[in-house]
Amino acid sequence: MKETSPMQTRYEYGGDEFVFVQLSEAMSLEANFKGMAITRKLKEKNWEGILDICPSNASYLVRYDPDVIEPEKLVAELKQLENEVKNLDDIVITSRLVDVPVYFEDPWTHEALMRFRDRHQDPNSTDLEYSARINGYSSKEAFIQAITEAPFIVSMIGFVPGLPWCFQMVPREKQIEVPKYVRPRTFTPERAFGFGGAFAVIYPVQGAGGYQLFGIAPAPIYQKEQTLADFKDSIVFPRQGDIFRYRSIDADEYQAIREQVENGTFVYRKKEIQFTPGEVLADLEGFAEEALRRLYHD
Amino acid sequence: MIKVIKPGLQTTVQDEGRIGYYEIGMPPSGAMDKFAFRVANLLVGNNPNAAVLEITYLGPVLEFGRKMKISLTGGEIPPRINGQPVAMWTTLEVQEGDQLSFDFVKSGARVYLAVEGGIDVPLVMGSRSTYTLIGIGGFEGRALKEGDVLHTADMSEKQVPLGTSIDPQLIPVYSKHHEIRVVMGLCSYRLTEESKETFLKTEWTVTPEANRTGYRHKGERLTFVEREQPFGAGSNPSNVTDLGYPIGSIQVPDGVEPIVLMHDAVTGGGYATIATVISADLDKMAQVKTNDKVRFVSVSLQDALAARREVQQKLNQIKESI
């Protein structure tokens with residue numbers, strides 16, 4: 001593996017209504033933090049004519065009204081913002097730590113993945129067995145342990161409403177990487193927990209999908225009826241910059257949480273956290289430990 | 001009250017769209033051909049954001065429960081009231097019990113039906129537009145079905161005399177060959193120089209996958225610059241680290257079949273985007289149908305802005321004449 005390619009920013013016009021800014025071709029926590037810092041500053045400015053600000057993994061997208069704000073002027077302002085966040089030690093990011101239970105190797109995603117073995121790299125293994133093996137883990141259990149012991153940052157939201165791309169906050173050599181299916185499935189259960197490339201996701205709704213399927217989350221990340229407390233203000237739960245800790249649960253806990261969801265009492269366990277990207281990047285293990293302690297013991 | 005006797009292929013409630021939720025993965029939805037949509041509302045004196053019906057390819061049969069003004073704009077799917085042909089791009093009046101039906105499509109793909117006051121459906125996140133993928137907005141979050149009953153809202157702002165029509169020169173003409181203007185860029189650095197040329201030279205054929213989420217085109221194969229894929233980007237040369245997709249952006253998964261993303265599209269993903277359809281031509285794209293031919297024409301941002309102003313001037317001209 002080569003070192004992460006140097007960050008080189010690319011400013012591009014997406015027709016007459018969008019500006020796309022690519023901070024890095026490769027995914028890295030550094031690029032993600034940088035995009036987060038810029039887009040949060042941009043939001044605070046509250047400029048008239050900015051319609052959408054969408055931070056993504058190693059880039060961001062802005063939709064604007066060119067009748068209100070000139071494209072060239074907007075790009076000049078964005079370059080200025082990039083300059084202002086040069087030093088990632090000076091940026092304080094406020095976000096939420098969230099406990100996200102996952103029932104690994106559940107019967108529902110198992111049934112789904114077995115239906116599409118002919119579209120998979122290795123039809124004779126499950127997605128979890130295959131992914132553990134190609135990432136050098138001796139067992140499924142050790143692989144699940146690696147996923148659950150360090151938190152993930154919600155690096156981007158999109159594709160469909162609420163889908164969180166989650167990037168694990170571990171050093172590059174510990175990053176899990178898996179290919180997508182050879183040909184996408186036509187079915188994925190709602191709330192399935194999947195992995196593709198360097199990203200973990202939860203599928204908000206049932207549908208097609210190409211990520212490796214490892215399990216299912218009992219709690220929704222999207223709820224259009226908005227009956228649960230976490231969905232009062234928005235039909236989607238994840239926010240870009242959230243820090244998710246995926247916790248392995250058994251069938252009993254899965255059922256118990258499902259009942260709470262059904263009767264409207266489920267609430268995500270979460271804590272607010274502040275950090276500077278600089279301190280996190282300097283000591284990822286220390287940050288993970290501290291985050292988990294805060295989430296479960298404070 | 002409007003009763004759906006036959007729903008047509010896909011008839012949905014749409015307005016300007018659900019703007020401002022792209023960051024949570026929510027596309028704007030809204031009328032595909034904004035020009036036709038806006039003129040339809042102008043012709044019945046509605047607020048510019050009143051909801052209309054967007055009719056696709058095969059028209060519905062609708063029965064009106066009372067006298068009201070209506071207008072029909074967009075592609076040529078010839079309308080009839082009680083079997084008699086009526087004019088498009090004109091302020092019409094229907095009586096209680098009248099039935100509106102349509103002939104087969106002659107040109108274009110989508111017709112807009114505005115009714116005085118607009119279609120009354122609940123606002124969801126600031127819009128009445130239907131987004132069928134997750135079933136929100138519009139009429140119960142879906143396309144109309146036989147037996148549905150729609151009500152009209154109170155978004156009328158002006159009395160427009162019956163028979164008002166617009167200058168025929170301002171009515172767009174839709175053929176089977178379309179020149180769609182694009183601004184090259186985004187991740188076009190991933191395409192080889194030769195493929196950039198091929199993309200612009202090819203006469204593409206629109207496949208049956210042509211709907212509110214996107215338009216897929218058949219033609220030549222495009223190739224990407226060889227590289228060691230960056231971390232997180234995925235293994236196919238057409239893959240990039242997942243990013244946001246502008247509306248109108250064009251991606252070419254695996255180098256085959258360019259897809260133009262439209263108003264109900266996914267908001268992001270892992271395919272390199274190579275160009276974006278300019279806002280003025282998204283309306284044109286909305287009137288393209290399966291088997292039509294499309295050629296993408298590269299223009300500058302300045303050209304795109306000029307085209308945008310041209311559309312606005314036309315709309316102002318129409319507004320002043322009504």
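This is a predicted model: local features need pLDDT of at least 70, side-chain atom pairs count only at pLDDT 80 or more; totals for chains, interfaces and linings use all residues.
What share of the contacts in chain B with a separation of 6 or more comes from residues 24 or more positions apart? In chain B these account for 76%, where two residues are in contact if their C-beta atoms, placed from the backbone, lie within 7 Å. Residues are numbered from 1 along each chain as its sequence is written, and chains are lettered from A and ligands numbered from 1 in the order in which they are written.

Let me stay with chain B as a whole. The radius of gyration, taken over C-alpha atoms, is compared with a globule rule of 2.2 Å times the number of residues to the power 0.38; for 322 residues a compact globule would come out near 20 Å, and chain B, at 20 Å, agrees with that. The C-alpha trace of chain B spans about 65 × 40 × 30 Å along its principal axes. Of the 322 residues in chain B, 54% are buried, and by buried I mean that 20 or more other C-beta atoms lie within 10 Å of the residue's own, with 12 or fewer counting as exposed, anything in between as partly exposed, and the C-beta atoms placed from the backbone. Chain B has four helices and 21 strands, these being DSSP runs numbered from the N terminus, with helices (H or I) of at least four residues and strands (E) of at least two.

Now to the domains of chain B, whose bounds come from an automatic or database domain assignment. That assignment gives domain 1 as 2-170 and domain 2 as 177-312, and the centres of the two, taken over C-alpha atoms, are separated by 28 Å. Their contact takes 19 residues from domain 1 of chain B and 13 residues from domain 2 of chain B. On the domain 1 side, the elements that give two or more residues are H1, strand E5 (68-76) and strand E10 (107-115) of chain B, and the largest share, three residues, comes from E10(B). By class, that side has nine nonpolar, seven polar and three charged residues, with Ala, Val, Leu, Ile, Met, Phe, Trp, Tyr, Cys and Pro counted as nonpolar, Asp, Glu, Lys and Arg as charged, and the others, Gly among them, as polar.

One sheet in chain B deserves a mention. Seven strands form an open antiparallel sheet in the order E7-E6-E9-E4-E1-E12-E11, where two strands pair if DSSP finds at least two bridges between them. The edge strands, each pairing on one side only, are E7 (84-85) and E11 (119-120) of chain B. Within this chain, strand E6 (residues 79-81) and strand E9 (residues 99-102) pair in the antiparallel sense over three bridges, and B:Arg80 stands opposite B:Ser101 in E9(B).

Turning to chain A, the division is into domain 1 (10-86) and domain 2 (94-297), with C-alpha centres 27 Å apart. Here 10 residues of domain 1 of chain A are in contact with 12 residues of domain 2 of chain A. Helix H1 of chain A gives the most to the domain 1 side, with five residues.

E9(A) and E10(A) form a hairpin with two residues between them, and A:Gly197 in the turn has a positive phi of about 60 degrees.

Finally, the two chains together. Their contact takes 39 residues from chain B and 45 residues from chain A, and the chain B side has 19 nonpolar, 16 polar and four charged residues. The largest nonpolar core has 169 residues, and those with the most contacts inside it are A:Cys166, B:Val52, B:Leu113 and B:Ala114; such a core is a set of buried Ala, Val, Leu, Ile, Met, Phe, Trp, Tyr and Cys residues joined through C-beta atoms within 7 Å.
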